[in-house]
Amino acid sequence: MTAFFSATPGTSSDIDGATAWIRMAACLVLATMGGAGMWSMVVVLPEVQSEFGLERGTASLAYTAVMSGFAIGNLLFGRAIDRLGAAVPVAIGACMLALGFIIGSFAAAYWQFVALQGLLIGIGSAVSFGPMLADISHWFQKRRGIAVTAVACGNYIAGVLWPLVMQPMLNAGGWRFAYLLMGLICLAVSLPLAAMLRRRSPHLAAAANGQAEAGLLSAAVSHRTLQWILVLAGIACCVAMSMPQVHIVAYCVDLGFGVARGSEMLAVMAGAGIVSRIVSGLLADRIGGIRTLLIGSTGQMLALFLFLPFDGLVSLYVVSMIFGLSQGGIVPMYAIVVREYMPAREAGSRVGVVIMATIVGMALGGWLSGEIYDLTGSYQAAFINGIAWNLANMAIIGTILWRSRPRSPVSAVA
């Protein structure tokens, strides 16, 4: 098994070549498979709640556990990919995800189910996001933006695919049967794809041999300082992003439109987010990640403003689409920025840290919006809170852009 997943060196001709595009396709499928870890709990939540006799808040703890594990897993697997290459960490993550589903299907108590969601499903699924974005970034130079954002689309594709796939399973045998099948599917698809990732990018080989890597910032800003700046930016943008994503359904219920309409608006956001990610990738290949990130953040802020005056049914569908088109490319762009500004050999670790920060921002923002709603009795102040956090993100990203300088030719190996 070790030999089956052992790394083999790539060549310079692989960069932006057929090997890179094949790898990108494999990573996209892996990202879609890993996304099952996040979306499956949403699908089975009502049945799990009913079987274990839980209140909705208690039942939702399983999703909190998934997101907590997902945040930690991005950090752990990011570091592992830097050291071992992609194949072994991806195989381990796939096995963890599959085992989480399979063992979870036999959970006798709810606490066991929650523990499996966090420790196996959450952490295991994480390898398919931040670490996968870092890995594919090493295989592209001219088309790095579109490659990274295309792989990032796997998370949104999973949100469309898995609820549809799981519904017949639920009808046939309930959530336990669905979880058992999901585990077997993830294992059967992901392990062969993991073996396709055995090659290591020549970018990493160059870094390991000590070739210099030029940054894009002035010498006064260290990589560690930039790391923390990006962490703050990631938290700020995702606190703002979480307001519509987490509360749009509840907002629609308050306005009298019902759960179904709110769910449709959430789907509109996700669909528009796929378009946003592809367009952002194309744009990043032309103007760079940091400028594209600033454009996305500005668009997100404007979309948040639109939620304030427009609360009719049709207008909310339109604003939801505008919001999705604005924010979908933001999170993957942090991986692009890391690759443009930091050493290639540290990409997995640093992307993992920043992606973990964005997840923390989503969790914090979702909670803050709920607290603000409880204090004020409406979501207006919560939208304003999101706008304020978004302005902070724009200020941080603008500062990075201001301190940037043109790429040195030596950084072509980065």
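**Close-up views of a predicted model**

View 1. The model shown here is predicted. Val 318 is found in helix α13. Together with Val 275, Val 279, Leu 313, Val 314, Met 321 and Leu 325, Val 318 makes a nonpolar surface patch of about 570 Å². Two or more residues of the patch come from each of α11 and α13 (313-327). Helix α13 gives the largest share, five residues.

**View 2. The largest pocket.** The space in this pocket is about 2,000 Å³. Its lining has 48 residues, and the closest to the centre are Val 42, Tyr 63, Gln 245, Val 246 and Leu 266. By class, 33 lining residues are nonpolar, 13 are polar and two are charged. Among the helices that each supply at least two lining residues are α2 (36-52), α8 (144-195) and α10 (223-254).

**View 3. The salt bridge of Asp 135 and Arg 23.** The whole structure has four salt bridges. In one of them, the side chains of Asp 135 and Arg 23 meet at 2.9 Å, N to O. Asp 135 lies in helix α7 and Arg 23 in helix α1, so the pair ties together parts 112 residues apart in sequence. Asp 135 is buried, with a relative accessible area of 5%, and Arg 23 is buried, also at 5%.

**View 4. The salt bridge of Arg 176 and Glu 51.** These side chains meet at 2.5 Å, N to O. The pair links helix α8, which holds Arg 176, to helix α2, which holds Glu 51, 125 residues apart. Arg 176 is partly exposed at 25% relative accessible area, and Glu 51 is partly exposed at 40%.

Technical notes: Residues numbered from 1 in each chain as written. Predicted model: local features only at pLDDT ≥ 70, side-chain atom pairs only at ≥ 80, totals over all residues. Heavy atoms only, no water. 1 Å grid on protein atoms, 1.4 Å probe; cavity = no way out; pocket = protein on both sides within 12 Å on 5 of 7 lines; lining within 4 Å. Points joined across faces, edges and corners; volume = space filled by probe spheres on them. Helix = DSSP H or I, 4+ residues; strand = E, 2+ residues; numbered from the N terminus. Nonpolar A, V, L, I, M, F, W, Y, C, P; charged D, E, K, R; others polar. Patch = residues over 30% accessible without salt bridge, like charges linked within 9 Å, V, L, I, M, F, W, Y side chains within 5 Å. Areas by Shrake-Rupley, 256 points an atom, 1.4 Å probe, with all protein chains shown as cover. Buried < 20%, exposed > 50% of the residue type's maximum accessible area, 1.4 Å probe, protein only.
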